[in-house]
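Reader: I want to learn how to read pockets in a protein model. Please walk me through it.

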Amino acid sequence: MCGIVGYIGNKNAVPILLRGLERLEYRGYDSAGVAVYSEKEKEIIVCKTKGRVENLETKLYDNPIKGRIGIGHTRWATHGIPSDTNAHPHFSKSGKVAVVHNGIIENYMEIREILGSKGYDFVSETDTETVAQLTEYFYNQTGDLQQAVFKTLEKVDGSYALGIICSDFPDMIVTTKKNCPLIIGLGQGENFIASDITAILQYTRNTYILEDNEVAFVSKDSIKIYDDKKEEIKKDVYVVDWSIEAAEKSGYDHFMLKEIYEQPKVVADSLNRRFKPDGTGIQLDSIKLGREELSNINKVYVVACGTAYYAGLVGKALIEKLARIPVISDVASEFRYKDPLIDENTLVIVISQSGETADTLEAMRLAKKKNSRILAVVNVVGSTIAREADDVIYTLAGPEIAVASTKAYSAQVVAMFLLSLHIALETGKMTVDQFKEIKKEMEKLPSHINKILTKAPNVKRFMEKYIGSKNVFYIGRGLDYTVCREGSLKLKEIAYLHSEPYAAGELKHGPIALIEESTLVIAVATQEHLFAKTMSNVKEVKARGAKVLIIAMEGNREIENYADDYMYIPRTHPILTPLLANIPQQLFAYYMALGLGNDVDKPRNLAKSVTVE
Ligand code: G6P
């Protein structure tokens with residue numbers, strides 16, 4: 001949550017900061033601002049505003065500022081309402097120090113009180129302002145910015161990625177991080193800081209990934225980095241292989257639509273490298289999860305948040321079904337605080353697109369402390385979760401910009417397919433012949449997704465028919481129920497429609513009371529061994545006036561007897577349907593959001609990377 005970017009070099013910083021902020025808006029978009037050192041005025045000038053980066057751009061157009069060093073911020077509000085005053089950057093008392101911050105300073109009230117008693121007034125309601133004021137306080141005492149920053153960091157508790165500039169040092173950005181991501185981009189005669197590579201990808205792919213408690217002093221020609229013992233360290237350059245095109249809309253109206261249409265490629269990429277060349281099994285990068293390691297595992301936990309959690313539920317179902325190992329699933333924010341029953345014989349699978357989600361990260365750290373084996377399924381290479389896990393499966397989805405996750409979910413589900421097949425093979429619960437049969441079907445998945453995407457106009461028509469819905473239920477059984485949970489989340493996230501996913505058989509134990517004339521019920525019915533059962537639930541809701549849209553596999557003409565509308569997915573192996581059945585749901589949510597006039601890529605109140613707890 002919150003995106004930060006910084007530039008130091010010979011160019012005007014403002015357009016670079018603005019482009020960077022646009023790319024970071026997925027992290028929050030309650031307000032935006034920049035602070036730039038003006039050589040003319042010999043001071044730091046701040047421009048900030050409530051709302052989107054485009055509002056900031058307009059404000060800057062009317063009040064242009066210029067300078068070769070600057071920091072920028074796009075906010076997801078935590079402390080204080082979205083307003084011009086609470087927008088970052090925040091200033092110190094004299095205006096000498098400006099700060100942008102991602103994260104939460106937990107002891108900010110205490111610091112405010114102490115500084116208040118020393119004559120420091122605070123203008124905003126934010127926790128961040130304390131960092132600016134405290135830095136100035138220590139700077140005034142020591143006359144040394146470096147010492148002032150170190151002393152400030154000793155006093156603040158919480159999570160942060162910080163960008164700090166000081167008008168007495170117009171040739172330096174200070175940056176540090178703890179439990180929030182921060183990278184330094186390396187250029188020629190210029191350097192950058194950013195919450196994530198997409199903000200600076202058009203200028204450089206060479207980066208330093210900052211670890212917790214490291215502090216960097218970034219000039220245009222040099223970068224000095226200190227570890228938590230304040231000793232200078234050398235870091236390896238990490239070269240990012242994402243292309244800039246991948247972070248652009250490429251002619252699509254929205255990133256979400258582009259990312260939906262990228263799924264055939266993402267799934268093909270995810271599969272290509274993962275089958276052994278002789279076709280007898282799976283190769284999971286360099287993961288050491290063979291027969292021997294698995295013989296020590298007696299329990300698996302799947303832990304994640306949001307969409308990643310729903311992809312995890314597919315993994316849970318399949319590991320239990322194919323490998324017959326008990327799997328417990330939990331959202332990370334619950335797992336963390338329940339003293340989970342895990343030990344060195346537990347495999348904990350954490351799933352995260354960003355690799356930075358605060359709850360998932362802390363859940364993983366807890367599991368590590370308890371000596372569990374950690375396998376992370378992560379999209380962002382080099383992210384904190386990827387770095388700290390014992391093993392990583394990268395999901396190869398490329399940058400996902402739309403806040404609502406689509407292609408990352410699909411890549412996570414493919415990873416779950418591969419992992420469960422791998423475990424089943426290694427533990428001898430599946431024969432190579434059985435595997436080969438499934439593999440053959442998996443290889444058809446990219447073309448199956450393409451086929452579903454050609455039906456997008458039908459989904460658009462469903463949207464036109466059901467646009468007036470106030471409540472939407474998603475029902476299904478078994479794997480179909482996991483798909484329903486993701487479909488319902490997507491509709492809530494971007495269409496802002498009340499929606500409930502329900503295990504079809506559970507509906508009659510309460511929620512059926514909410515079904516009335518014309519309530520839309522989406523029934524996912526791809527699991528044919530459960531088909532008759534799900535159809536009896538469909539009949540129950542139809543008898544109470546519901547309109548039913550059914551998603552089923554091609555060839556199952558029976559649904560036409562029950563459905564008001566239907567959509568077929570290509571016939572595939574039953575364990576693979578969670579990937580395919582979700583695509584119409586993504587399209588439905590997309591068109592509903594569009595039809596309702598919502599901002600599809602940046603839905604209200606949400607952020608893509610949730611680095612606060
Ligand atoms: C936020 C996003 C979701 C995402 C979830 C977990 O809520 O809006 O799209 O599924 O975080 O994020 P992660 O990066 O850990 O997958």
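Predicted model: local features only at pLDDT ≥ 70, side-chain atom pairs only at ≥ 80, totals over all residues.

Author: Residues are numbered from 1 along each chain as its sequence is written, and side-chain values use heavy atoms, with hydrogens and water left out.

Reader: What volume does the largest pocket have?

Author: Rolling a probe the size of a water molecule over the atoms shows where empty space is left. A pocket is an open set of points on a 1 Å grid over the protein atoms alone, where a 1.4 Å probe fits, with protein on both sides within 12 Å along at least five of seven lines. Its volume is the space filled by probe spheres set on the points, which are joined across faces, edges and corners. Here the largest pocket comes to about 630 Å³.

Reader: Which residues lie nearest its centre?

Author: Lining residues have an atom within 4 Å of a point. The largest pocket has 30 of them, and Cys305, Gly306, Thr307, Lys608 and Val610 lie nearest its centre.

Reader: Where does the largest pocket lie?

Author: Domain bounds come from an automatic or database domain assignment. The largest pocket lies between domain 2 (249-443) and domain 3 (450-613), because both give residues to its lining.

Reader: And the second largest pocket: what is its volume?

Author: About 450 Å³. Its lining has 20 residues, with Trp242, Asp269, Leu396, Ala397 and Gly398 closest to the centre. Domain 1 (3-246) and domain 2 (249-443) each supply at least three lining residues.
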